[in-house]
Amino acid sequence: MTDRVPYREAIALQPAALRACLDAVSRQLEALDVEPITKGPAVLVGIGASLYAAVVAAAQMRTQGIRAFALPGTDLYDASIDAGGAYIAFSASGRSEEPARAMELRPNAHSYGIAKADGTPISRVVKHMIATESGNDSGPNTTSYLGSLLTAALLADKAGRPSATNWAEIPDRAEAVLKATRVQADKAAKLFAGKKSIDCVGAGTACGTAGYAALLIREAARVAAQDWDTLNFLHGPMEPNDRDSGVLLFGNGREVKLARDLAGFGIPSVLVTSRADIADADNLVVIHVPAFSEGIGDAILQAIPAQLLIATLSEDAGLPVCEFRYRQTDTKRDV
């Protein structure tokens with residue numbers, strides 16, 4: 001197993017991790033039978049950050065003609081539930097109990113595992129294993145999360161309609177985003193300093209990014225956070241927000257108007273977007289991430305400024321290293 005490294009250090013490792021993942025997964029996919037995924041329905045299973053990776057991946061697969069949806073592993077604890085034609089279990093460490101148990105209960109299913117290394121518990125309960133080889137990771141997950149997304153993107157290109165994305169560009173794009181968004185991410189962290197709660201909002205693949213960001217905020221900065229689909233957020237969930245809370249939004253559509261409206265209401269808001277025509281304003285910080293590939297490609301890159309923002313929040317809170325206070329003993333399987 002690979003070693004844990006400090007959170008901000010792991011963020012900086014991601015371009016190299018993406019490069020290693022691209023090479024390793026491309027080789028593995030050459031011989032992988034993906035026909036069950038192509039036929040579908042494909043059920044993408046995860047827990048924690050890996051569930052949000054599954055949400056991103058399922059949204060992307062649907063755009064490429066694959067019938068796909070994401071479920072937490074616990075929704076499949078009833079072995080009689082026949083939810084799909086193929087199952088893809090996401091587990092960053094390869095040790096998460098819930099997706100492993102869901103696969104274990106379906107020994108005859110067409111099943112695939114995505115984790116950062118082979119030889120992990122998840123590999124023993126699936127028919128096909130895809131190791132991301134993303135290397136050293138942090139708590140909360142950084143390199144393994146982006147590695148899972150890139151693996152899903154490459155898998156979707158093989159099983160569904162090709163996206164025509166040049167994935168060889170993604171490591172350099174990630175390096176550029178790391179450098180270009182650092183200042184705005186720090187500015188966003190200052191805007192969110194001392195907030196009692198932070199809502200994270202996005203649609204499609206960005207809904208998964210919002211979930212991942214909310215989890216990072218809870219784990220690393222120990223601030224209450226919740227993820228929302230963009231349009232769902234308009235139907236009541238935004239009512240508690242005020243100057244003592246914050247909203248982190250991902251997107252180029254309805255999220256733009258929502259971010260401006262929230263800022264106008266005096267609610268501190270941060271918008272991560274590929275649109276270059278949106279500027280900072282009172283109560284609004286805009287983090288521009290140049291468009292790369294609509295959907296999962298942009299989701300990979302837009303996760304990076306969220307990680308940087310949250311790293312600053314955690315450091316300012318005196319928590320430069322994420323150590324769980326309430327770690328439970330039944331969430332991971334032994335290697």
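In the predicted model, strand S1 (residues 42–46) runs alongside strand S3 (residues 86–90) in a parallel pairing over 4 bridges, where two strands pair if DSSP finds at least two bridges between them and where strands (E, at least two residues) and helices (H or I, at least four) are DSSP runs numbered from the N terminus. Within this pairing, alanine 42 has alanine 86 of S3 as its bridge partner. Both strands belong to an open sheet of 5 strands with parallel pairing, in the order S2-S1-S3-S4-S5. Strand S2 (68–72) and strand S5 (128–131) each have a single partner strand and stand at the edges, so one side of each is left without a neighbour in the sheet. From one strand to the next, the twist averages 20 degrees.

Residues are numbered from 1 along each chain as its sequence is written. Local features need pLDDT of at least 70, side-chain atom pairs count only at pLDDT 80 or more, totals for chains, interfaces and linings use all residues, and side-chain values use heavy atoms, with hydrogens and water left out.

Among the helices, the axes of H8 (residues 205–221) and H11 (residues 296–316) come within 10 Å and cross at roughly 20 degrees, the axes being lines fitted to C-alpha atoms over the stretch in contact and the angles running from 0 to 180 degrees between N-to-C directions. That makes H8 roughly parallel to H11, a class that takes in angles under 35 degrees. The contact (heavy atoms within 4.5 Å) includes Tyr212 and Leu216 of H8 and Ala303 and Ile310 of H11.

Note on methods: Angles under 35 degrees count as roughly parallel, over 145 as roughly antiparallel, 65 to 115 as roughly perpendicular and the rest as oblique.
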